[in-house]
Amino acid sequence: MVRVLLLAPVLVIISRLRRSGGGGASRQIKFPWFVFWFGAVIVVQSFVRVPPAARAHIIDLDTVLLSSAMFALGMATRWHQMKQAGTRPLLLAAVIFVGLISGGWLITRLLV
């Protein structure tokens, strides 16, 4: 959750750096409104008790929506674009994947 919440300030900082860097026209990064709604849900969740049955349905809906989004991303991926990008992005993705899995495992082992 912290990673998602930190996305907004990071994008604002990157936007400011790109504008101050000069060197041609650059697009300003727009505020990611999902971060606002994410925070709103956190606040509501803190003060409103959701019944367990409703919570189970919300979690099921979340799983379906996340799966749909991942499927849509996969459908937009073209093999020729991956070939054009080369192996470096795939290696970076593999390193990040291993780091996230290892870090999650380590944190789980240390805290549980």
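Accessible areas were computed by the Shrake-Rupley method with a 1.4 Å probe, and for residues only the protein chains shown count as cover. The model is predicted, so local features need pLDDT of at least 70 and side-chain atom pairs count only at pLDDT 80 or more, while totals for chains, interfaces and linings use all residues. Residues are numbered from 1 along each chain as its sequence is written, and side-chain values use heavy atoms, with hydrogens and water left out.

The accessible surface of the protein comes to about 10,200 Å², of which 73% belongs to carbon and sulfur atoms. Of its 112 residues, 4% count as buried (under 20% relative accessible area, 1.4 Å probe, protein chains only). The protein has 6 helices and 0 strands; helices (H or I, at least four residues) and strands (E, at least two) are DSSP runs, numbered from the N terminus.

Helix H6 covers residues 87–111 and includes isoleucine 107.

Trp105, Leu106, Ile107, Leu110, Leu111 and Val112 form a nonpolar surface patch with about 760 Å² of accessible area together. Patch residues have over 30% relative accessible area and no salt bridge, and nonpolar side chains (Val, Leu, Ile, Met, Phe, Trp, Tyr) are joined within 5 Å; a salt bridge is a side-chain nitrogen of Lys or Arg within 4 Å of a carboxyl oxygen of Asp or Glu.

Conventions: Patches are made of residues with over 30% relative accessible area and no salt bridge: like charges are joined within 9 Å, nonpolar side chains (Val, Leu, Ile, Met, Phe, Trp, Tyr) within 5 Å. Buried means under 20% relative accessible area, exposed over 50%, partly exposed in between (1.4 Å probe, protein chains only).
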